Amino acid sequence: MKREHTIFSFQWHFTDLCNLRCRHCYQKNFNAQKDKTPREWNQVFDSITRHLKKRGYRAMELNVTGGEPLYCPSFTQIIKLLEEKDFIQGYFIITNGIHLERYASFCTQQPKFRGWKISIESHSSQENDKIRGKGSFQKVQRNIVKLSSPWIAMFTLHKDNYLHLPEMIDLCNDWNAEGLIIERFIPWGRGNIMKEKTAGSKEWKFVLSYIASLLACDAEELFPYRAFYFDFVTGDIAGAFCNLGGDSMALMPDGTVYPCRRFPISVGNVFTTSFSTILDNLTGFRNRFLPEKLHSPCRHCSFDSCSGCRALVYALSGSFYAADPQCPENEKVF
């Protein structure tokens, strides 16, 4: 199906290398064993571009990450590759912020660079460092205050930090962040060691109720959203629906494509599978979760566009189709 004037946005994990061992990380391995060379990626991006153009897409936008992208020896080559591709409209870099000083000046000079997305787990250095390692909060703070380019905070919610959301907003304003992305912890990889910290319906309902108070709306109106973005430039708060489908993906260091980084089910590999087939598989993956295929009470959800978080359900139960235990609508069941 042709999609006129559509942008294909995805998250590119070009390396598994990382200098940290965060407790909630989706990865298990932190070496370069699966990494490909910039030359190999160059050919792949040409192929991706051809197939997207045939489908009517007009551009690509990327979130570039790892592992830790700034820890990878080929980082500058990867960025130069993106800058050379006319079809790529822009990119953010997702980082833990420890090595910002190495590349802040270089990245700021790149025309397509849109800014940093920096992971922070709490307004409290003690709570942040429980997840990311001793001293990480102080190092990131020191680097952020020197930034001249835009940056956005990324906050991963779990049972130990969900109450910190108001203070996180204050911290972002104090540190001159342009925005705050709120996402939820889903236990994969190393993150399985803190599986019991996965937020339940009680914790998620608190977050939704707080956001609803800021928006002057009912919390129930926010139930279908899976993430939120606080824009401190405009003052807006935007909710994001599940992005499973044909317009997004997670591209891994060995070329494997996941529908979502939180849903590690392969729909192909860009080095061995036609990207046209991968696009079809992405769309087909979304169609697996039509309401009639889900277990109750998700099967009878009052929100037509919502199928719960299938990635969360799969991580916790091993089933694609079980009811979402985080959804406040399902509180009575769980």
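Buried means under 20% relative accessible area, exposed over 50%, and partly exposed in between (1.4 Å probe, protein chains only). The model is predicted: local features need pLDDT of at least 70, side-chain atom pairs count only at pLDDT 80 or more, and totals for chains, interfaces and linings use all residues. Residues are numbered from 1 along each chain as its sequence is written, and side-chain values use heavy atoms, with hydrogens and water left out.

**View 1. Two loop residues with positive phi.**
A216 is exposed, with a relative accessible area of 72%. Its phi is positive, about 55 degrees, although A216 is not a glycine. A216 sits in the loop between α7 (201-215) and β7 (227-231). Helices (H or I, at least four residues) and strands (E, at least two) are DSSP runs, numbered from the N terminus. N176 is also not a glycine, and its phi is near 60 degrees. The loop between α6 (165-174) and β6 (179-184) holds N176. N176 is exposed at 63% relative accessible area.

**View 2. Cis peptide bonds at G66-G67 and S296-P297.**
The bond from G66 to G67 is cis, with omega near 25 degrees. G67 belongs to the loop between β2 (57-65) and α2 (75-84). S296 and P297 are also joined by a cis peptide bond, with omega about 5 degrees. P297 lies in the loop between α8 (275-287) and α9 (310-317).

**View 3. Surroundings of H13.**
H13 is part of strand β1 (residues 6-13). H13 counts as buried because its relative accessibility is 5%. Its side chain meets that of Q11 in a polar contact of 3.0 Å. A polar contact is a pair of N or O atoms within 3.5 Å; within protein, one must be able to donate a hydrogen and the other to accept it, and residues adjacent in sequence count only if both atoms are side-chain atoms. The H13 side chain also reaches the backbone oxygen of G66 at 2.4 Å. Leaving out residues up to four places away in sequence, H13 touches T65, G66, L251, M252, P253 and R261. Contact here means heavy atoms within 4.5 Å.

The whole structure has 0 disulfides, a disulfide being a pair of cysteine sulfur atoms within 2.5 Å. For C242, the nearest cysteine sulfur is that of C309, 6.7 Å away. C242 counts as partly exposed, at 26% relative accessibility. For C298, the nearest cysteine sulfur belongs to C327, at 6.3 Å. C298 is buried, at 8% relative accessibility.

**View 4. The two cavities.**
On a 1 Å grid over the protein atoms alone, a cavity is a set of points where a 1.4 Å probe fits but cannot get out, and a pocket is an open set with protein on both sides within 12 Å along at least five of seven lines; lining residues have an atom within 4 Å of a point. Grid points are joined across faces, edges and corners, and a volume is the space filled by probe spheres set on the points. The structure holds 2 cavities of 30 Å³ or more. α5 gives the most to its lining, with 3 residues.

**View 5. The second largest pocket.**
This pocket has a volume of about 350 Å³. Of its 16 lining residues, Y26, Q27, K34, Y258 and R261 lie nearest its centre.
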